[in-house]
Amino acid sequence: MLSKIKCGALLCCSLLLSAPVALARTQTIQATGVYQMGENDSIAAAKENARKDAMRNAAEQAGVYVRSYSKTKNLRLTDDQVEIISIQTMQVKDCRYTQDYRNNTLVIQASIEATIDDADFQKRIDANDKIQSLQAQLAQEKEKNREEQNRRMQKSGNDPYAALLIREELQKFQKNPQYAAVIHKEFAEFADQRNGIVPADIYGRMALLDLYNGSAQFQRDLDKALEIAPNDPLYYTIEALQTLSTRDYYGAEALADQALHLNGRYWPAYYVRSIAKGFRGSTRKAIADCNTAIRRGGQDHPYVMKYRAKLERVFAGRHDFVEFDSDDFEEVFQDTIKGFYRDLEGIKLHQKR
């Protein structure tokens, strides 16, 4: 019987010795902070600065315990989270100050004693996780509301931010058209920031700049404009202008016809169709279309009147024709791109009336 008791006692001892030693739940931290006073510092301010320095040092020590706890729980905490939890769970029990002179300067030293309880760690972690989750939800709601607002502005065409950017970039273009590539990039960055939710004329302007630069991005930009505003004759007219650049005159006429099908009074479409007819040799019909464009709003646009004067030169009389000069097409084409870009807001307004 006695031997059985001894064996049981030995077994209990061996189990106790083999069990991992539990870490104390409460840890005591001691830290110091110093502050060297300046000429304009008060004792109270110097003590406060010394105390803050001591608190920072104590928080660093507390962070060691927080990281150790997070590893035992397989938690992944960022440095910011460790710092926040350390500060939140640390309780200062005592703070004492001493003074000393160093190099004829008064130095204040703060010595603090603080405790942290690892039982509070998980509570703080859960609380911070909840706060972060709520912040993420709030950020999502803000982004959703911002996107809905952008869609409303896109649909109405009334976007003050886009309008401001357009005015700034128009001034830049008027100052020097060679800025076209830079302007296109800034429009593209604005569209990317909005996840593509911008007014159609942002992409329309980008398409015109593509034409001016000879960029291969034209079709992509124009397609985005048409996706936003599929019934706007402006974008079929711009596509007609691009087709004109390849000397596909009949293709350009067909696209201008599409624009006129959407709005039979849209003068830019008559004007572009007039260019196509004029350079394929149908001068009488070109003059008729150009005159229609002038009557319906084109009279206020110098590039339209300049092209009309070229038609007059070519059409010298009923039976007497002369050819366009070799550089006439490129001049008309470039004048039209720059004119459309400059007058786009007016062209839009005319189309809406």
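1. Before the strands come up: two strands count as paired here if DSSP finds at least two bridges between them. By that rule, β2 and β3 (residues 105-117) are an antiparallel pair, held over 11 bridges. Keep in mind as you read on that this is a predicted model.

2. You are looking at a protein with 14 helices and 3 strands. Of its 353 residues, 41% count as buried. Take the contacts between residues at least 6 apart in sequence, and 62% of them join residues at least 24 apart.

3. Back to the sheet. Its 3 strands run in the order β1-β3-β2, the sheet is open, and the pairing is antiparallel. The edges belong to β1 (26-36) and β2 (91-102); each has a single partner strand, so one side of each is left without a neighbour in the sheet. From one strand to the next, the twist averages 15 degrees.

4. As background, strands of a sheet pair through backbone hydrogen bonds, either parallel or antiparallel.

5. The β2-β3 turn deserves a look. The two strands form a hairpin with 2 residues between them, and Asn103 in the turn has a positive phi of about 55 degrees. Asn104 lies in the loop between β2 and β3 as well. Asn104 is not a glycine, yet it has a positive phi of about 65 degrees. Is Asn104 buried or exposed? The cut-off for exposed is over 50% relative accessible area, and at 78% Asn104 counts as exposed.

6. What lies across the sheet? Helix α2 (residues 43-72) lies across β1, β2 and β3, and runs at about 145 degrees to β1.

7. On to the packing. The largest nonpolar core has 66 residues, and the members that touch the most others are Phe187, Tyr235, Leu244, Tyr271, Tyr307 and Phe340. Helix α7 (residues 200-213) gives the most to this core, with 9 residues. Apart from it lies another core of 22 residues, including Met37, Ile108, Ala114 and Ile116.

8. Leave aside its neighbours within four places in sequence, and Tyr235 is in contact with Ala200, Asp201, Gly204, Leu222, Ala225, Leu226 and Ala229.

9. Buried in α6 are Ala180, Ile183, His184, Phe187, Ala188, Phe190 and Ala191. Seen down the axis, these buried residues fall within an arc of 160 degrees, so they line one face of the helix. The face turned away from the buried side carries the exposed residues Lys185, Asp192 and Gln193.

10. Follow the chain out of α6 and you reach the loop between α6 and α7, where Asn195 lies. Just after α6, Asn195 takes a positive phi of about 55 degrees, although it is not a glycine. At 54% relative accessibility, Asn195 counts as exposed. Gly196 has its place in the loop between α6 and α7 too, but it is partly exposed, with a relative accessible area of 24%. Gly196 and Ile228 are 32 residues apart in sequence, and their C-alpha atoms are 10.0 Å apart in space.

11. Last, helix α10 (residues 249-262). Its 14 residues should span 20 Å at 1.5 Å a residue, and the end C-alpha atoms are 20 Å apart, which agrees. Tyr249, Ala252, Glu253, Leu255, Ala256, Ala259 and Leu260 are the buried residues named for α10. They cover an arc of only 165 degrees around the axis, which puts them on the same side of α10. Exposed residues Tyr250 and His261 sit on the face turned away from that buried side.

Notes
Residues are numbered from 1 along each chain as its sequence is written. This is a predicted model: local features need pLDDT of at least 70, side-chain atom pairs count only at pLDDT 80 or more; totals for chains, interfaces and linings use all residues. Side-chain values use heavy atoms; hydrogens and water are left out. A nonpolar core is a set of buried Ala, Val, Leu, Ile, Met, Phe, Trp, Tyr and Cys residues joined through side-chain atoms within 4.5 Å. Buried means under 20% relative accessible area, exposed over 50%, partly exposed in between (1.4 Å probe, protein chains only). Helices (H or I, at least four residues) and strands (E, at least two) are DSSP runs, numbered from the N terminus. Contact means heavy atoms within 4.5 Å. The expected span of a helix is 1.5 Å times one less than its number of residues. The arc is that of the directions from the helix axis to the C-beta atoms. Axes are lines fitted to C-alpha atoms, for helices over the stretch in contact, and angles run from 0 to 180 degrees between N-to-C directions.
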